[in-house]
Amino acid sequence: ARRRVRPFAALAVAALLAGLWGGLARIGWSIPGADTLALRHGGVMVIGFVGTVIAVERAIAFAGAPTLLAPAASALAGLTLLTGAPVEVAVVLATVAALAYTTTVGVLWRRQPQPGSLLILLGGVSLVAAALAWALSGAYPRVVPWWIAYLVCTVAGERLEMTRFQRISRANAALGVLAFAALLAAPAVGAVEVRAGAIALGQIGRAHV
């Protein structure tokens, strides 16, 4: 499995470097040829880099050929964004990657029905929602909140997996449930009213800093 995912890992590194290059253009630096990268910066970093790396990690853990679909589609989506191809192609690939990844982590949750694996699954569902929002609206303001939910749920889920043998009080567990319910509600609100969703997500972020 490790050998099979090496090309995808290499594309993820390329997406990271290109995303950093485009990020410099977004903050005002005069970067030759970075105009397209600046516009596609979010997709390159979230789908091409982070999404591919996380999917590669899961593919190695499961060591099964079907799990390779997620990192392959995610890496190709990043490559499509980097080459300046039509965004619609990247959106289709990102949707395939999201569905494949969510299927993989759904199997993980069924095998190990723990809070950490459930959060990772919710992150996958958020990634699917982001892909659908991207396909239907084509507007980053409706997509980014779902990407944030995907990243936060995934990181939190992996942290919980590392500490699953520690005891968590009922009060802390209840607070955690409320926090992630609010996190997922914010982009759902944003699907109807972008500004309200952004404000809600910002307030949740402030509350946890």
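Tyrosine 101 and tyrosine 150 are both buried, where buried stands for under 20% relative accessible area, exposed for over 50% and partly exposed for anything in between (1.4 Å probe, protein chains only). The two tyrosines make an edge-to-face aromatic pair, with 6.3 Å from centre to centre and 85 degrees between the planes. Rings of Phe, Tyr and Trp (its six-membered ring) pair up if their centres lie within 6.5 Å, and the planes count as stacked when under 30 degrees apart, edge-to-face when over 60 and tilted for the rest. This pair links distant parts of the chain, since tyrosine 101 belongs to helix 5 and tyrosine 150 to helix 7 (residues 140-162), 49 residues apart.

A quick word on the ground rules. The model is predicted, so local features need pLDDT of at least 70 and side-chain atom pairs count only at pLDDT 80 or more, while totals for chains, interfaces and linings use all residues. Residues are numbered from 1 along each chain as its sequence is written, and side-chain values use heavy atoms, with hydrogens and water left out.

As for the overall layout, the protein chain has nine helices and zero strands, helices being DSSP runs of H or I with at least four residues and strands runs of E with at least two, numbered from the N terminus. Along the sequence, that reads as α-α-α-α-α-α-α-α-α. Of the 209 residues in the chain, 41% are buried. Contacts (heavy atoms within 4.5 Å) also reach along the chain: among those between residues at least 6 apart in sequence, 66% join residues at least 24 apart.

Back to the rings. Two aromatic pairs turn up in a search of the whole structure. Tryptophan 134 is in helix 6 and tryptophan 147 in helix 7, so the pair ties together parts 13 residues apart in sequence. Tryptophan 134 is buried, at 6% relative accessible area, and tryptophan 147 is buried too, at 4%.

The expected span of a helix is 1.5 Å times one less than its number of residues. Just past helix 6, glycine 138 adopts a positive phi of about 65 degrees. Helix 7 also has 23 residues, and its first and last C-alpha atoms are 33 Å apart, close to the expected 33 Å. Buried residues of helix 7 include Pro145, Trp146, Trp147, Tyr150, Cys153 and Glu161.

The structure holds one cavity of 30 Å³ or more, and about 70 Å³ lies in the largest cavity. A cavity here is a set of points, on a 1 Å grid over the protein atoms alone, where a 1.4 Å probe fits but cannot get out, and lining residues have an atom within 4 Å of a point. Grid points are joined across faces, edges and corners, and the volume is the space filled by probe spheres set on them. The lining of the largest cavity includes both Tyr101 and Tyr150, along with Ile47, Gly51, Ser74 and Leu127. Helix 3 (41-62), helix 4 (69-83) and helix 5 (87-111) are the elements giving two or more residues to this lining. Helix 5 supplies the largest share, four residues. By type, the lining has nine nonpolar residues, two polar and no charged; Ala, Val, Leu, Ile, Met, Phe, Trp, Tyr, Cys and Pro count as nonpolar, Asp, Glu, Lys and Arg as charged, and the others, Gly among them, as polar.

Threonine 80, in helix 4, is buried at 11% relative accessibility. Not counting residues up to four places away in sequence, threonine 80 touches Arg40, Ala85, Pro86, Val89, Ala90 and Leu93. Leucine 122 sits in helix 6 and counts as partly exposed at 28%. Leaving aside neighbours within four places in sequence, leucine 122 is in contact with Cys153 and Leu184. Leucine 16, from helix 1 (residues 2-26), is partly exposed, at 25%. With neighbours within four places left aside, leucine 16 is in contact with Met45 and Phe49.

Key. On a 1 Å grid over the protein atoms alone, a cavity is a set of points where a 1.4 Å probe fits but cannot get out, and a pocket is an open set with protein on both sides within 12 Å along at least five of seven lines; lining residues have an atom within 4 Å of a point.
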